[in-house]
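Biologist: I would like to learn how to read a model like this one. Please show it, and then let us take its features one at a time.

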Amino acid sequence: DKIIIVGSCLKAMQPKAFEELENMNMPIFELCLEQTHINMAITKLLGMIRARKISKVIFASVDKSPHCIQLHYLQDEITKLGFEIEFINYVAVDNKLIKINKETITLSKNLSQLETLNNKK
C-alpha cells in the first residue's frame, strides 16, 4: 500500500540517492513529466490509489528540473479530491535525498508570494 514515484532521470543523474529509495523496499515507478502530461499522471495515480488502496506515496525528483517539480504538485490534486494519502517529498542533490515539506511545494507554485518574500530580504 506504499509506493515511490520518481522522475525517470533520477536513477541516471543521482544513482546514490536512487539507491536510498531502493533501500526503502517499496515499489518504484518512474515517470517523466516531459513526456507524460501531468493530467495523465494524475489520472493514472488516482486509478492506482483506488484499485490498490494506496496509503502512502513518496515522490522524488532531481532538484532544479522544470519538469520533475511537477511530480510534487500531484499531491495537491489528489488531496483536493478527498483522498487521504500520506505524501513524502524528496529532491536529490549531490546524490543525497533532501526532504521537502508541503509548504515549500505550495510556495513554489506561487511566484508572486515568492517575489514578496525575496523583496523583504
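Modeller: Leu-111, Leu-114 and Leu-117 make a nonpolar surface patch of about 270 Å². Patch residues have over 30% relative accessible area and no salt bridge; like charges are joined within 9 Å, nonpolar side chains (Val, Leu, Ile, Met, Phe, Trp, Tyr) within 5 Å. Areas come from the Shrake-Rupley method with a 1.4 Å probe, and for residues only the protein chains shown count as cover.

Biologist: Where is Leu-117 placed?

Modeller: Leu-117 sits in helix α6 (residues 111-119). Helices (H or I, at least four residues) and strands (E, at least two) are DSSP runs, numbered from the N terminus. Leu-117 counts as partly exposed because its relative accessibility is 40%. Buried means under 20% relative accessible area, exposed over 50%, partly exposed in between (1.4 Å probe, protein chains only).

Biologist: What should I know about the source and numbering?

Modeller: The model is predicted: local features need pLDDT of at least 70, side-chain atom pairs count only at pLDDT 80 or more, and totals for chains, interfaces and linings use all residues. Residues are numbered from 1 along each chain as its sequence is written, and side-chain values use heavy atoms, leaving out hydrogens and water.

Biologist: How do I read the sheet?

Modeller: Strands of a sheet pair through backbone hydrogen bonds, either parallel or antiparallel. Two strands pair here if DSSP finds at least two bridges between them. This sheet is open, has 5 strands in the order β2-β1-β3-β4-β5, and shows mixed pairing. Its edge strands, β2 (28-31) and β5 (96-100), each pair on one side only.

Biologist: Which strands pair in the parallel sense?

Modeller: Among them, β3 (residues 56-62) and β4 (residues 86-93) pair over 7 bridges. Ser-61 stands opposite Val-91 in β4. β1 runs parallel to β3, joined by 5 bridges, and pairs with β2 in the parallel sense over 4 bridges. Across these pairings, Lys-2 faces Lys-56 in β3, and Val-6 faces Glu-30 in β2.

Biologist: Is β1 mostly covered or uncovered?

Modeller: Mostly covered: 5 of its 6 residues are buried.

Biologist: Now the salt bridges. How many are there?

Modeller: Side chains of opposite charge can pair when their charged atoms come close. The rule is a side-chain nitrogen of Lys or Arg within 4 Å of a carboxyl oxygen of Asp or Glu. The count comes to 3 salt bridges. Asp-76 bridges Lys-102, with the closest N and O atoms 2.8 Å apart. That pair links distant parts of the chain, helix α4 and helix α5, 26 residues apart. Asp-76 also bridges Lys-109, again with closest N and O atoms 2.8 Å apart. Lys-109 lies in the loop between α5 and α6, 33 residues from Asp-76.

Biologist: Is Asp-76 buried or exposed?

Modeller: Asp-76 counts as buried, because its relative accessibility is 10%. Lys-102 is partly exposed at 40%, and Lys-109 is partly exposed at 39%.

Biologist: And the remaining bridge?

Modeller: Glu-77 pairs with Lys-80, the closest N and O atoms being 3.4 Å apart. These residues are 3 apart in helix α4, so about one helical turn separates them. Lys-80 is exposed at 62%, while Glu-77 is partly exposed at 29%.
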